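Please read them alongside the sequence and the coordinates shown here.

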Amino acid sequence: MTQELKTSKNKYSTKMIAKMGMMAAIACVFGLFRFPILPMVPFLTYDFADIPIIISAFAFGPVAGILITLVVSFIQAFLLGGDQLYGFIMHVLASGTFVLISSLIYQKHKSKKMAIISMAIATAAMIIVMGIANYFVTPFYYGGEAMKAVVVQLMPFILLFNLIKGAANSVITFLIYKRVSPFLHKQ
């Protein structure tokens with residue numbers, strides 16, 4: 001391999017890492033602005049933090065998306081006043097599921113149609129994963145059988161919240177990805 005080619009690859013890698021860091025920083029800022037979607041469960045809040053993560057995963061691939069998810073989840077949970085370990089676990093599960101599935105599908109067939117399909121499948125997967133996670137992780141973390149009964153009662157709202165979250169993330173990502181993509185792919 002020539003020195004020019006090695007230098008070119010290193011510059012690209014450095015640029016990509018810098019762009020990933022920028023997208024993670026944007027996600028962290030977006031994560032500061034949370035609001036409830038369903039008045040019945042005001043503790044389930046939505047923010048736009050997943051959108052830069054999804055865009056990054058579409059632009060740079062599933063591994064980059066998962067790495068950014070881990071970084072953003074850690075920063076939100078432990079440095080920006082989140083729910084610490086519980087918040088980290090739940091954010092990684094929710095966002096990680098969506099990011100991994102949508103970007104894996106999209107990477108194989110990059111088209112508008114596949115972007116829509118990939119995010120619809122990812123939304124369904126996130127709903128299932130978060131239903132299971134809330135049933136098992138929440139009672140474990142917050143105190144056993146009494147909490148499990150509460151989670152079961154709240155499950156319709158938890159599933160609806162994740163449907164709305166996935167749909168909102170999908171629509172917003174779909175609307176802005178092609179506008180942001182040229183910057184992310186620019187050498």
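1. Lys165 lies in helix 6; helices (H or I, at least four residues) and strands (E, at least two) are DSSP runs, numbered from the N terminus. This is a predicted model, in which local features need pLDDT of at least 70 and side-chain atom pairs count only at pLDDT 80 or more, while totals for chains, interfaces and linings use all residues. Residues are numbered from 1 along each chain as its sequence is written, and side-chain values use heavy atoms, with hydrogens and water left out.

2. Is Lys165 buried or exposed? Its relative accessible area is 12%, so Lys165 counts as buried (buried means under 20% relative accessible area, exposed over 50%, partly exposed in between, with a 1.4 Å probe and protein chains only). Not counting residues up to four places away in sequence, Lys165 touches Tyr46, Asp50, Ala94, Ser95 and Met126 (contact means heavy atoms within 4.5 Å).

3. Helix 6 spans only 48 Å between its end C-alpha atoms, whereas a straight helix of 42 residues would span 62 Å at 1.5 Å a residue (the expected span is 1.5 Å times one less than the number of residues). At Leu154, helix 6 bends by about 55 degrees, and a proline, Pro156, follows within four residues. The bend at a residue is the angle between axes fitted to the seven residues ending there and the seven starting there.

4. The largest nonpolar core has 39 residues, and Phe58 and Val72 have the most contacts inside it. Such a core is a set of buried Ala, Val, Leu, Ile, Met, Phe, Trp, Tyr and Cys residues joined through side-chain atoms within 4.5 Å. Helix 2 gives the largest share of this core, eight residues. Leaving aside neighbours within four places in sequence, the contacts of Phe58 include Ser102, Tyr106, Met119 and Tyr177.

5. Phe30, in helix 1, is partly exposed, with a relative accessible area of 34%. Apart from residues up to four places away in sequence, Phe30 touches Asp47, Phe48, Ala49 and Pro52.

6. The protein chain has six helices and two strands, in the order α-β-β-α-α-α-α-α from the N terminus on. Its radius of gyration is 18 Å, close to the 16 Å that the globule rule gives for 187 residues, so the chain is as compact as a globular protein of that length. The radius is taken over C-alpha atoms, and the rule is 2.2 Å times the number of residues to the power 0.38. Buried residues make up 41% of the 187 residues.
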